[in-house]
Amino acid sequence: MDQIKTFLTKNKEQLYQVLSYVLVAVATASVTVAITVGVMNSSNPRSKISVLEQLIAERYVGQLDPVLVGDAAAEAMIEALGDRWSYYISAEEYAAYQENKKNVYVGIGITIEKDKQTGAFRITGLTEGGSAAEAGLCLDDQVVAVDGQSVLGMDLQALRDLVQGEVGTEVTVTVLRAEMQQSIIVTRKYIRTPVAKATLLDGNVGVIRIRNFNDHCYEETRACMDQLLEQGAQMLVFDVRFNPGGYAHEMVKVLDDLLPEGQLFRTVSYSGQETVDYSDAGFTDLPMAVLVNSNSHSAAEFFAAAMQEYKAAGKLEKKLVIVGEQTSGKGYYQNTFLLPDGSAVALSVGKYYTPEGKNLEGKGLLPDQVVPVDKQTADKIYAGMLAPEDDVQLQAAINALKQP
């Protein structure tokens, strides 16, 4: 969710330019001042925002883009709250925002990485069931053009913009394979983003990486657990590093499978309404660890906090450890409100609490074992390109679980 806060910076200067024209008009036209003052002092006073909107619409002599001004004004209002978790979503961004929550997107199902030497983009991953794999694109293909337009020198976002489009439309991807160029026509379709991934390591250690707690999180995490248990896993490591959070109900369902009977999660809304979620008596009787970092947000850090507090309370017989770096400290939850023009605002409307009643806002969760990593290592973890044996946080968790 936090990635959407990008629009204000590039538009704020244009909004200020519009407002400066209004101020000049007010200073030089006493009629305008009289009208404004009269409206503000009337028996049915209007807000400063509505008066300013009318002034701009009726008196501004330059070219006006109402959408641009409206977006910048709305973003500025949310920014002025000083809440790092509330954010504005333009109408143009709203569809992508909804797709992100559903863990689906319109595309062709490739993961790419820029080759610094050639300037081309190497395909490092193909989504199972994606149209790219079905059309014949392969791992290590070098993407050199899209719809006949060279991508050499572009950044990743520019390439994504070329590849993405409406569902059902076609895009021609030209790749370099074995020093020969091939152009392959691929049909864009809805691609489901995998939420959880299971890996069985030597020593019967099962690792489950949970990317977010949005739609399908529980069903995929449960499937990963079942797969690893069938393969003989004797301990489980849950990796929620770089997990931005998601839906509380998805997190609660995962925790319910892991922890014994008791309180799991509590929310208190702006109106004081309290909601408490509980776990039943069934639980996972294995040694477990959770990996967190400073980019573990919201549901991800409360997931780890619940595990940590149950262990501290003596409710788990098997070993459990939280490893990594202090989490981000997101203790508010947001509701998304759709606005009349198709834009929306995600507004903080309540607070989260751990089973022990702690709110993590501004504090975060401190792991049982703090294991820092440098930026280069963190980037590899984020991209899923760090080998397990080189992941010092993962290895610290495994060593802790194996100790008697």
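A charge is said to sit over a ring if NZ of Lys or CZ of Arg is within 6 Å of the ring centre and within 35 degrees of the ring normal. With that criterion in hand, open the structure, which is a predicted model, and select Arg266 and Tyr353: the charged end of Arg266 sits over the Tyr353 ring, 4.4 Å from its centre. Next select Lys315 and Tyr310, where the charged end of Lys315 sits over the ring of Tyr310 at 4.5 Å from its centre.

Proceed to strand E11, residues 205-210. Six of its six residues are buried, so the strand is largely enclosed by the rest of the structure. Val205, Val207 and Arg209 point one way, while Gly206, Ile208 and Ile210 point the other.

Now display strand E12 (residues 235-239), which runs parallel to E11 and is joined to it by five bridges. The bridge partner of Ile208 in E12 is Phe238. Follow the chain from E11 through helix H8 (residues 217-230) to E12; this β-α-β crossover is right-handed.

Finally, turn to the aromatic pairs, of which the whole structure holds nine. Phe238 and Phe303 form an edge-to-face pair, 5.9 Å centre to centre with 70 degrees between the planes. Phe238 lies in E12 and Phe303 in helix H10 (residues 299-312), so the pair ties together parts that are 65 residues apart in sequence.

Methods
Residues are numbered from 1 along each chain as its sequence is written. This is a predicted model: local features need pLDDT of at least 70, side-chain atom pairs count only at pLDDT 80 or more; totals for chains, interfaces and linings use all residues. Side-chain values use heavy atoms; hydrogens and water are left out. Buried means under 20% relative accessible area, exposed over 50%, partly exposed in between (1.4 Å probe, protein chains only). Helices (H or I, at least four residues) and strands (E, at least two) are DSSP runs, numbered from the N terminus. Two strands pair if DSSP finds at least two bridges between them. A crossover is right-handed if, with the strands pointing away from the viewer, the path from the first strand over the helix to the second runs clockwise. Rings of Phe, Tyr and Trp (its six-membered ring) pair if their centres lie within 6.5 Å; planes under 30 degrees apart count as stacked, over 60 as edge-to-face and the rest as tilted.
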